[in-house]
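The following paragraphs are intended to be read alongside the sequence and the coordinates. They proceed from individual backbone features to helix packing and then to the chain as a whole.

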Amino acid sequence: MASTMFSLASVTPSASISLQDNLKPKLKIGTSSQRAFPGKDFMKAKSNGRTTMAVAVNVSRFEGITMAPADPILGVSEAFKADTNELKLNLGVGAYRTEDLQPYVLNVVKKAENLILERGENKEYLPIEGLAAFNKVTAELLFGKDNPVLQQQRVATIQGLSGTGSLRIAAALIERYFPYSKILISSPTWGNHKNIFNDARVPWSEYRYYDPKTVGLDFAGMIEDIKAAPEGSFILLHGCAHNPTGIDPTPEQWKKIADVIQKKNHIPFFDVAYQGFASGSLDEDASSVRMFAARGMELLVAQSYSKNLGLYGERIGATNVLCSSADAATRVKSQLKRLARPMYSNPPIHGAKIVANVVGTPELFSEWKEEMEMMAGRIKSVRQKLYDSLSAKDKSGKNWSFILKQIGMFSFTGLDRAQSENMANKWHVYMTKDGRISLAGLSAAKCEYLADAIIDSYYNVS
């Protein structure tokens, strides 16, 4: 073990002993099995009538661990909290806020929680695969209740730890059973995607997605890159409301994407984090997944209920694997459970019961759809007002209509890193450095102020 030597000088040996006694309670460094300063750990040397003692102090075994960089998304919230300016805006984290910019707990969630209390339900461990009632309704919500793939029992579903955990389990499945495959992810993509696949040791590369010239979809580049990928690659697709750009393929483009993936024998892997929250319609936001399933394609889907039910802290989601047969689905589910067991043993119960109650109770389900439409509608409203404010204030004639073409809670502004930093440093508007803003954290009252900040940063910072 590495050690550090401290020299302690004294004029007499007796003073040395006194000093040793005084230091005992103050400098307890070392293992629990040893006293801090046993006599034999002192090295004594006489020099010119003085006695010198060297004390060995153990250095941490973790000395070689470096400080990790701040999370690029969660770090935005930390900077926002430290800012004391009254005009500050947090447009970094994707969490819904009311017009007063306060967190919102859905009324339907409160009712579902009351049902849990009224029934006196316990807090026992769930099975490894999660709550059966949740797994049933989440698969039905994704594929459609009457979808043949469910009737044929071809979908393996396990409850996951929201979107991140569900992606991570699927990544572990890929790493274990497709060891020579890689996954293609969009450029850009959600910041945590790369972390997840890196940690799972799944090699990845990027396909073109965002075109900075048009602030739109680079569809030709996307198709070209998917075609060029090795046969049998996994292709990560955002089911709706692409994060961070807010740019989704059209229905016709989705068909062409499916054509290429099917022809190349690739495996589509959908990240569905915003079902119902993007357009306000659960069915419309699941149309891409359902179209691929209707073609008979095997695929993976990670789901999250953080956004559409506001269950951010409950960590509730699911991993779904659509297989070509019921037998294959049974085997895949057994391996998903095997992967989950050493990771987290079994998932949390509270959020699962909330979702099961909301989706499984007709009255609550109808109320949820109304609240989703309300939330999606508020975001569409501030998106429109931001566009109106930018168009009115910008006298250069720049076309800001790309903001209206985007969907969901995010907007890709086209601002670069330096311009995004100016937004925070000068205007107290906090956003990710890639130019993404969360419209869910914007109020109508703040749209003009945000427009001023964007115009100043766009034209005056290079």
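In which loop is Pro244 placed? Pro244 is in the loop between β10 and α9, where helices (H or I, at least four residues) and strands (E, at least two) are DSSP runs, numbered from the N terminus. The model is a predicted one, in which local features need pLDDT of at least 70 and side-chain atom pairs count only at pLDDT 80 or more, while totals for chains, interfaces and linings use all residues. Residues are numbered from 1 along each chain as its sequence is written, and side-chain values use heavy atoms, with hydrogens and water left out.

The bond that joins Asn243 and Pro244 is a cis peptide bond, with omega about 25°. A cis peptide bond also runs from Ser187 to Pro188, where omega is near 5°. Pro188 belongs to the loop between β6 and α7.

Positive phi values can be inspected next. Gln153, a residue other than glycine, has a positive phi near 60° and is found in the loop between α5 (148-151) and β5 (155-160). Val215 likewise has a positive phi, near 50°, and is located in the loop between β8 (210-211) and β9 (216-217). Is each of these residues buried or exposed? The terms rest on relative accessible area: buried means under 20%, exposed over 50%, and partly exposed in between (1.4 Å probe, protein chains only). Gln153 is exposed because its relative accessible area is 58%, whereas Val215 is buried because its value is 12%.

Helix α7 (residues 191-199) shows how burial can be arranged on a helix. Its buried residues are His193, Ile196 and Phe197. Seen down the axis of α7, these residues fall within an arc of 90°, so they line one face of the helix; the arc is that of the directions from the helix axis to the C-beta atoms. The cover over them includes α6 (162-177), β6 (183-187), β7 (204-208), β10 (234-238) and β11 (267-272), contact meaning heavy atoms within 4.5 Å. After α7 comes Arg201, which has a positive phi near 60°.

Helix α6 also packs against helix α12 (residues 326-344), at an angle of about 115° and with the axes 10 Å apart. Such axes are lines fitted to C-alpha atoms, for helices over the stretch in contact, and angles run from 0 to 180 degrees between N-to-C directions. Angles under 35 degrees count as roughly parallel, over 145 as roughly antiparallel, 65 to 115 as roughly perpendicular and the rest as oblique. α6 and α12 are therefore roughly perpendicular to each other. On the α6 side the contact involves Arg168, Ile169, Ala172, Leu173, Arg176 and Tyr177, and among their partners in α12 are Val332, Leu336 and Tyr344. This contact comprises ten nonpolar, one polar and three charged residues. In that classification Ala, Val, Leu, Ile, Met, Phe, Trp, Tyr, Cys and Pro count as nonpolar, Asp, Glu, Lys and Arg as charged, and the others, Gly among them, as polar.

What is the arrangement of α8 and α9? The axes of helix α8 (residues 219-228) and helix α9 (residues 251-263) come within 9 Å and cross at roughly 15°, and the two helices are therefore roughly parallel to each other. Phe219, Met222, Ile223, Ile226 and Lys227 of α8 make the contact with Gln253, Lys256, Ile257, Val260 and Ile261 of α9. Seven nonpolar, one polar and two charged residues form this contact.

Helix α3 (residues 107-119) packs on helix α13 (residues 350-360) at about 105°, with the axes 9 Å apart; the pair is therefore roughly perpendicular. Residues of α3 in this contact include Val108, Ala112 and Arg119, and those of α13 include His350, Ile354 and Val358.

Arg378 lies in helix α14 (residues 362-393) and counts as buried because its relative accessibility is 12%. Leaving aside neighbours within four places in sequence, Arg378 is in contact with Tyr96, Arg97, Thr98, Glu99, Leu439, Ala440, Leu442 and Ser443. Arg378 and Ser443 are 65 residues apart along the chain, yet 8.8 Å separates their C-alpha atoms.

For the chain as a whole, the secondary structure comes to 17 helices and 16 strands. Of its 462 residues, 52% count as buried. Among contacts in the chain with a separation of 6 or more, 75% are between residues 24 or more positions apart.
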